[in-house]
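These are my notebook entries on a single chain. I looked up helix packing, the nonpolar cores and a few individual residues.

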Amino acid sequence: MKDAIDIAVVTGGGHGIGRALCRRLHRDGTKVVVADLDAAAAGVVAAEIDGVAMALDVADEQAIRELVDEVERELGPIDLFVSNAGVAFGDGPSGATSAKGGLNPADDRWEACWRVNVMAHVFAARALVPRMLERGGGRIVNVASAAGLLSQIGDAAYSTTKHAAVGFAESLAIDYGDRGIQVSVVCPQAVATRMIGIEDDADSMDGGFGGNDVDGIMSADDVADIIVAGALDGRFLILTHPEVATYVQRKASDHDRWIGGMQRFREKLKT
Ligand SMILES: NC(=O)c1ccc[n+]([C@@H]2O[C@H](COP(=O)([O-])OP(=O)(O)OC[C@H]3O[C@@H](n4cnc5c(N)ncnc54)[C@H](O)[C@@H]3O)[C@@H](O)[C@H]2O)c1
């Protein structure tokens with residue numbers, strides 16, 4: 001695999017972590033395709049970084065295939081594909097078994113989380129891995145969450161699908177990591193973005209919900225730097241908040257005890 005990242009695609013590049021990744025990659029000399037459901041936001045970011053904006057719904061496999069085709073035809077081989085777009089809705093008042101509540105009807109929330117947080121990664125890999133294998137390698141970075149290793153209190157669909165995203169990245173790395181495809185999975189805790197109620201370019205990083213700000217909220221710029229460094233370093237698991245490694249060890253050493261601790265934490269958050 002070549003070292004330089006000449007061409008990259010970042011999904012969800014119009015806002016938050018994706019936007020910061022686009023900017024960071026541009027500073028490193030990469031031509032960046034900013035792909036987002038929010039085409040206007042993608043356009044603003046692309047204009048700023050001399051990139052290419054593309055409207056994309058990552059839940060649509062055909063659309064991902066067409067994007068990969070078009071980028072490789074017009075710009076050249078994709079060296080790095082970052083599946084960063086993600087959604088979260090919250091459980092609503094009745095908790096993990098909620099049938100309604102939150103921002104959308106429950107089944108729609110589960111379906112959206114499944115398609116955007118998991119299947120989009122599968123769709124991108126289906127489109128890219130054969131091409132990358134043929135040319136001797138490439139980098140795939142999938143943005144999951146610390147909720148994919150631990151749990152997001154108050155969001156069962158998010159926690160479940162982020163676990164699935166980590167599982168899919170593991171499968172990809174196991175199947176193709178020794179054939180030139182560098183797979184990374186990113187598992188952040190709180191990052192100051194619209195996902196946790198903080199607008200892009202907000203003056204303050206106050207926000208956070210469900211205890212996800214327990215170890216502090218990081219800026220999207222700092223997170224993007226860690227992601228790019230981790231990917232260039234060839235790391236599979238990229239942790240932006242180092243505390244997560246300790247929590248994962250505690251969970252693995254005594255799962256029942258960990259559940260008890262999370263129950264107490266949930267109670268504390270209510271007060
Ligand atoms: N912010 C956090 O605290 C945090 C923590 C852990 C993981 N993450 C993950 O980081 C990733 C980026 O989230 P963020 O925090 O920057 O949030 P964000 O809401 O600021 O950005 C998400 C971006 O994804 C785009 N998007 C949503 N659905 C899409 C779709 N179907 N197709 C294409 N684009 C779509 C949105 O338009 C937006 O630009 C997500 O996968 C999220 O789960 C965020």
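**Entry 1. H3 and H4**

In which hand does H3 pass H4? I looked this up in the model, which is a predicted one. The crossing of H3 with H4 is right-handed. I noted that the two axes come within 8 Å and cross at roughly 35°.

I then listed the residues that make this contact. From H3 they are Glu61, Ile64, Arg65, Val68, Asp69 and Glu72, and from H4 they are Ala120, Phe123, Ala124, Arg126, Ala127, Leu128, Arg131 and Arg135. Sorted by class, the contact holds seven nonpolar and seven charged residues, with no polar ones.

I also looked up Glu66, whose place is in H3. Glu66 is partly exposed, at a relative accessible area of 46%. Its C-alpha atom is separated by 9.7 Å from that of Leu56, ten residues apart along the chain.

In soluble globular proteins, nonpolar side chains tend to be buried together. The largest nonpolar core here has 44 residues, and the members that touch the most others are Val9, Ile64, Leu67, Val68, Val71, Ile78 and Phe81. I checked which elements give two or more residues to this core: they are strands S1 (7-11), S2 (31-36) and S6 (181-186), together with helices H3 (61-74), H4 (106-135), H5 (156-176) and H8 (255-270). H4 gives the most, with eleven residues.

I took Val71 for a closer look. Leaving aside neighbours within four places in sequence, Val71 is in contact with Ile7, Val9, Val33, Met54, Gly76 and Ile78.

**Entry 2. H1 and H6**

I then examined a further helix pair. Two packed helices are described by the angle between their axes and the distance between the axes. H1 (residues 16-27) and H6 (residues 220-232) pack at an angle of about 60°, and their axes are 8 Å apart. The two helices are therefore oblique to each other. Their crossing is right-handed.

On the H1 side I found Gly16, Ile17, Ala20, Leu21, Arg24, Leu25 and Arg27, which meet Ala220, Asp221, Val223, Ala224, Asp225, Ile227 and Val228 of H6. By class, this contact has nine nonpolar, one polar and four charged residues.

Which residues does Asp225 touch, not counting those up to four places away in sequence? They are Arg24 and Arg27. Asp225 lies in H6 and is partly exposed, with a relative accessible area of 29%. I also recorded a separation of 13 Å between the C-alpha atoms of Asp225 and Pro188, 37 residues apart along the chain.

**Entry 3. Arg19**

Is Arg19 buried or exposed? I found Arg19 in H1. Its relative accessible area is 13%, and the cut-off for a buried residue is under 20%, so Arg19 is buried. With neighbours within four places in sequence left aside, the contacts of Arg19 are Gly12, Gly13, Gly14, Val45, Asp200 and Asp201.

**Entry 4. Positive phi values**

I searched the backbone next. Most residues other than glycine have a negative phi, and most peptide bonds are trans. I noted two residues with a positive value.

Asp201, already listed as a contact of Arg19, has a phi near 65°, a positive value in a residue other than glycine. Asp201 lies in the loop between S6 and H6. At 58% relative accessibility, Asp201 counts as exposed.

For Asp50, phi is near 55°, again positive in a residue other than glycine. Where does Asp50 lie? I placed Asp50 in the loop between H2 (39-49) and S3 (52-55). Asp50 is exposed, with a relative accessible area of 55%.

**Entry 5. Ala47**

Last, I looked up Ala47, which is found in H2. The relative accessible area of Ala47 is 65%. The cut-off for an exposed residue is over 50%, so Ala47 is exposed. The C-alpha atoms of Ala47 and Val34, 13 residues apart along the chain, are separated by 9.9 Å.

Terms used:
Residues are numbered from 1 along each chain as its sequence is written. This is a predicted model: local features need pLDDT of at least 70, side-chain atom pairs count only at pLDDT 80 or more; totals for chains, interfaces and linings use all residues. Side-chain values use heavy atoms; hydrogens and water are left out. A nonpolar core is a set of buried Ala, Val, Leu, Ile, Met, Phe, Trp, Tyr and Cys residues joined through side-chain atoms within 4.5 Å. Buried means under 20% relative accessible area, exposed over 50%, partly exposed in between (1.4 Å probe, protein chains only). Helices (H or I, at least four residues) and strands (E, at least two) are DSSP runs, numbered from the N terminus. Contact means heavy atoms within 4.5 Å. Axes are lines fitted to C-alpha atoms, for helices over the stretch in contact, and angles run from 0 to 180 degrees between N-to-C directions. Angles under 35 degrees count as roughly parallel, over 145 as roughly antiparallel, 65 to 115 as roughly perpendicular and the rest as oblique. A crossing is left-handed if the near helix is turned anticlockwise from the far one by less than a right angle, and right-handed if clockwise. Ala, Val, Leu, Ile, Met, Phe, Trp, Tyr, Cys and Pro count as nonpolar, Asp, Glu, Lys and Arg as charged, and the others, Gly among them, as polar.
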